[in-house]
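Trainee: I would like a close look at one loop of this model. Then please walk me on to the other parts that deserve a look.

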Amino acid sequence: MKRRNFIGMLGAGSSALAAAPFITIPATSAASPAAKKRIGHSEITADLVVAGAGMGGCACALGALRNGLSVIMTEETDWIGGQLTQQGVPFDEHRWIETHGATQLYRDFRTALRNYYRKNYPLTTDAAARENLNPGDGAVSRLCVEPRVGLAVLYEMLAPYISTGKLTILLNSKVSKAEVSGNKVQAFAVRNLQSGNEYWLKAPYFADATETGELLPLSGTEYYLGTESKAETGELHAPEKGSTENQQAFTLCFALDYCPGENHVIDKPEKYDFWKNYIPQLTPSWPGRLLDLTYSTPSTLDPKKLGFHPEGGATGSVLNLWNYRKIINRHNFTPGLYSGDITIINWPQNDYMLGNLVDVSEKEFKQHVEGARELNRSLVYWLQTEVERPDGGAGWAGIRLRKDMLGTEDGMAKYPYIREGRRIKAMFTILEEHVGVENRKLVKGEAASKKSESFYDSIGVGSYYLDLHPTTQGDNYIDLPSLPFEIPLGSLIPQRMENLLPAAKNIGSTHITNGCYRLHPVEWNIGEVVGMLVQFSGKNNVTPRQVWENRKYLNEFQDFIQKQGVEIKWPE
């Protein structure tokens, strides 16, 4: 079966910084007359430009900075931290995360989050003594924290580099255009969304850690988007016909708490009747209305009942949604500190399926984000007034939208959680047969289905289900068992561009394998390694592609990253 273009060679500062609305831009460097004529605007230079300050972007910057490079990092919002902070998505991780299966720097970050609570919050004696403290005790993760705490700790990690001028962070800044010569990016322009000022950023290397892969179309870098067909990838669960517009639903997260005996019911949203009666048009079919406590079981697509009780108690034999992504469990803190728990809403009920955010106009992007806001308001109102209660009543008037948790006027996340964006056409693309149990068994036999593909060029590890949410063109969940996997360096090398690298979930994966390569620790691993790859390539006067192609350089690079705490193989 033909697989087009997919397979290559297989073989410690102040947390007060977190409240700052922006980081002051240092004086721009003097550019040559030719460069001024070419660029025509203020120019800032560094060894590496990182677009996007999410999990991958921050890790990329740290990986480069600790190895002596200077970095400029841009961020479209006023918060760094991506999924964990501005998007309000608690960690999604694997069961071994406390001891292995992620980089040492990522685990240090997790430890620092716990220590932040121990240092600054009045924990109970029991909670403070817990080695693996989980402030929220959310069911989704072993470490559920407030977005602002993630923000504060990231700034603590970056503070020495900001202080010494090695790191420049441009907040509220969006990449707007590029200058490219042949297979190399010369510079990117960023526009400050508040002032309108434009700056050109110049460096030997550029890393795309944006949530959608924004640098790829601007630079002409080849990429995939949406679903690939079975004929293209040979994947067991790929559709017969691919479509760039068939993308996973996105989610605009928000936070709630519960105040017993109080009334916090919001005004009825303008489009409440639409969302109350909305039934997703999916194949296989969704079991009923979206605003309901029944949804499609991701793994089987059978109808499944959920529970809801904002006091956090058990709801019979079914999952209490309130506890799923809970970021504050009031019982972990001294009595009276919190009147109730705080939880993040990133549920099946607020997946937005009516349009895409990638490769659409700015007007359409804003239209769909506003649609997601309206869905969220309707969900809040439904929970306050209509959701079924265990006692036979309806609604919980004491549910309150916690706007402070995400730092916005309306309480919604600063940026939508976009599960998949653009993915580079890489020298090597990760397929379902490399990580999926069922597909590996079909292609390589029973023995091979016990372990994921072993990549000679591995630069990291991860583990997560092949987890794809419903799509905008009507596909229901794809939720498949996968194996603890490796991250091949070839998936980070664009087929053509020489000095632009993916540093987030935009690596060479497919629509299907993106489902397990998009999570917090994997994105961090990818970004951290890219920051180190830029330093290694520059030091050895080779390109990243040459590092991948030359076994001597590859072996040296793998040794280099392992010495800095990057795991490249799972324990036997």
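Trainee: In which loop is Asn-541 found?

Mentor: Asn-541 is found in the loop between α14 (520-540) and α15 (544-549). Helices are DSSP runs of H or I with at least four residues, strands are runs of E with at least two, and both are numbered from the N terminus. The ground rules come next. This is a predicted model, in which local features need pLDDT of at least 70 and side-chain atom pairs count only at pLDDT 80 or more, while totals for chains, interfaces and linings use all residues. Residues are numbered from 1 along each chain as its sequence is written, and side-chain values use heavy atoms, with hydrogens and water left out.

Back to the backbone. Asn-541 has a positive phi, near 55°, although Asn-541 is not a glycine. Asn-541 is also exposed, at 72% relative accessible area. Exposed means over 50%, buried means under 20%, and partly exposed lies in between (1.4 Å probe, protein chains only).

Asp-137 is another non-glycine residue with a positive phi, again near 55°. Asp-137 sits in the loop between α4 (125-129) and α5 (147-163). With 31% relative accessibility, Asp-137 counts as partly exposed.

One peptide bond also needs a check. Thr-283 and Pro-284 are joined by a cis peptide bond, with omega about -10°. Pro-284 belongs to the loop between α8 (272-276) and β12 (294-296).

Now a buried loop residue. Met-405 lies in the loop between β17 (399-401) and β18 (423-424). Met-405 has a relative accessible area of 7%, so Met-405 is buried. Neighbours within four places in sequence aside, Met-405 is in contact with Trp-79, Glu-146, Pro-147, Arg-148, Ala-255, Ile-327 and Ile-342. Contact here is heavy atoms within 4.5 Å. Ile-344 is 61 residues from Met-405 along the chain, and their C-alpha atoms are separated by 9.3 Å.

Next, a sheet. Four strands form an open sheet, ordered β1-β7-β6-β5, with mixed pairing. β1 (42-45) and β5 are the edge strands, and each pairs on one side only. From one strand to the next, the twist averages 30°. Pairing requires at least two DSSP bridges between two strands. The angles run from 0 to 180 degrees between N-to-C directions, with axes fitted to C-alpha atoms. β5 pairs with β6 (residues 184-192) in the antiparallel sense over eight bridges. In β6, Ala-189 is the bridge partner of Lys-177.

β5 leads on to a cavity. Strand β5 (residues 173-181) gives three residues to the lining of the largest cavity, the most of any contributor. A cavity is a set of points on a 1 Å grid over the protein atoms alone where a 1.4 Å probe fits but cannot get out, and lining residues have an atom within 4 Å of a point. The largest cavity has a volume of about 160 Å³. Volume is the space filled by probe spheres set on the points, which are joined across faces, edges and corners. Among its 18 lining residues, Gly-52, Glu-75, Glu-76, Thr-210 and Glu-211 lie nearest the centre. The lining has four nonpolar, nine polar and five charged residues. Ala, Val, Leu, Ile, Met, Phe, Trp, Tyr, Cys and Pro count as nonpolar, Asp, Glu, Lys and Arg as charged, and the others, Gly among them, as polar.

The second largest cavity holds about 50 Å³ of space. Its lining includes Gln-247, Phe-250, Asn-356 and Glu-420.

Definitions and conventions:
On a 1 Å grid over the protein atoms alone, a cavity is a set of points where a 1.4 Å probe fits but cannot get out, and a pocket is an open set with protein on both sides within 12 Å along at least five of seven lines; lining residues have an atom within 4 Å of a point.
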